[in-house]
Amino acid sequence: MLHSTIQQNDYSSLIALNPILNYNSTKKVKNVILLIGDGMGFSYTTGLRYFNHESQKGLMKPTIFDRYFVGSQSTYSLDTQCNITDSAAAGTALSTGYKTYNGALGLNIDKQTVPTVLEYAKFRGKSTGLVGTSQINHATLAAFAAHVESRDQYDQIADDYLDERIEGKQKIDVMLGGGTSYFHRKDRNLIEEFVLHQFGYVTNLQELTTNKNERLLGLFAPIELPKMIDRDPNVPSLSQMTKAALERLKQNPNGFFLLVEGSQIDWAGHDNDIVGAMSEVKDFEATFRTAVHFALNRDDTIVIATADHSTGGMSIDRNGNYKWNPSVIKSITATPFVIATRLHETKDITTLMDYIHFTLNDDDLKTIQSTLEMGVEDTRQTLIDIINHYSSTGWTTKGHTGEDVPIYAYGLNRHLFSGRIENSDIAKILFEIID
Ligand code: MG
Ligand code: ZN
């Protein structure tokens, strides 16, 4: 049974026929670390620069992103209904070199399966990893290792991670993120199956740190991980997961391909939640630093950090105030969701003072108090509006926006990603330079 699955799902021949492959004399890289900040448009990384600027006066220090800025990419998909991408189509462009329709994962516009750079790296004998803060079968990560018509096919995607093979082997060696509820289901226990295939399995930071398996599945939440600002110390950060993945992947003498996603920058953007957005951009900043640190003093590794699109139409300042106030954001110690949940537990408005350390006026307090008779969502939305008002953060949509997004790169062949390129060019270049 298992054997026939392997035969059916082995993608090696598909990769060998990939028309995008074009061997030429470009210097090949041994290791690729691709980081995608989902929804992380220019306003988010510029916001980070303001956010990191402690004194709020004088010249701003460049962020680590600024130091490695090389260019920008356009993100539009080939959807017949929309010209703004979703994360599935953008992920597929970044992973396969094919722009496609919104919702597609690992398929071209004609719904044909096309190989991903992760699969190609595996085909070339490398180790591979997927790390993120959403469930690991969510669109962006799945675009690199699954082939389904719709991103909503979560169970099928999780099955693909185990069942689809390259040269007879599972294609992903290290998977770290959320998603227990998709891997341990009534109809199938993928966790047990991965363990039968010699994978280690860990569920918290302690286990992640002590585990020695070279192939590893780590699921740290039923669906997504908490945002960094809300995280329990026993849940690993994106940067800690990335370190753990690198420690394992670097053992392979043929090198590796690692995809890391800051999954929830986008989710905070959809919520128009600047506290959550800055929390997740900070986590992503630390992760980029970890990746660059790995590549320092090596001549065989490329680190690329980019976004799949921007989200929320976030603007640094609004209403002609000429003053964005990151100090307001920094004075808050949990996401509006966590604060709202806690307020509904205590029904006591002074609970706010445990989390919000800027001054709210009586009207604000009255408005928040009145939502305690309603749902948690009402309170959360009110807190979001108040925080956007005091920080002077603007938003134009709860969806995605179509502007180009930045590309940051460090290491061998970084110049190939410079200038203005298409999102699909990133995969095309990777296919060309992966050794
Ligand atoms: Mg995503
Ligand atoms: Zn989104």
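Start by selecting Thr92 and Gly106: the Thr92 side chain reaches the backbone nitrogen of Gly106 at 3.1 Å. That's a polar contact, meaning a pair of N or O atoms within 3.5 Å; within protein, one must be able to donate a hydrogen and the other to accept it, and residues adjacent in sequence count only if both atoms are side-chain atoms.

Before you go on, know that this is a predicted model, where local features need pLDDT of at least 70, side-chain atom pairs count only at pLDDT 80 or more, and totals for chains, interfaces and linings use all residues. Residues are numbered from 1 along each chain as its sequence is written, chains are lettered from A and ligands numbered from 1 in the order in which they are written, and side-chain values use heavy atoms, with hydrogens and water left out.

**Stop 1: around Thr92**

Thr92 sits in helix α5 (residues 87-96); helices (H or I, at least four residues) and strands (E, at least two) are DSSP runs, numbered from the N terminus. Is Thr92 buried or exposed? It's buried, with a relative accessible area of 0%. Buried means under 20% relative accessible area, exposed over 50%, and partly exposed in between (1.4 Å probe, protein chains only).

**Stop 2**

Donors are N, O and S atoms within 2.8 Å of the metal (3.2 Å for Na, K and Ca); water is not among the atoms, so sites may look incomplete. Asp38 is buried, at 1% relative accessible area, and Glu261 is buried at 1% too.

**Stop 3: the zinc ion**

Jump to ligand 2. Zinc's protein donors are Asp266 (OD), Asp266 (OD), His270 (NE2) and His400 (NE2), 2.0 to 2.3 Å away. Color helix α13 (residues 264-270) and you'll find both Asp266 and His270 there, four residues apart, about one turn of the helix. Asp266 is buried at 5% relative accessibility, while His270 is partly exposed at 25%.

**Stop 4: helix α12**

Finish with residues 238-249, which make up helix α12. Nine of its 12 residues are buried, so this helix is largely enclosed by the rest of the structure.

Methods:
Expected span 1.5 Å × (residues − 1).
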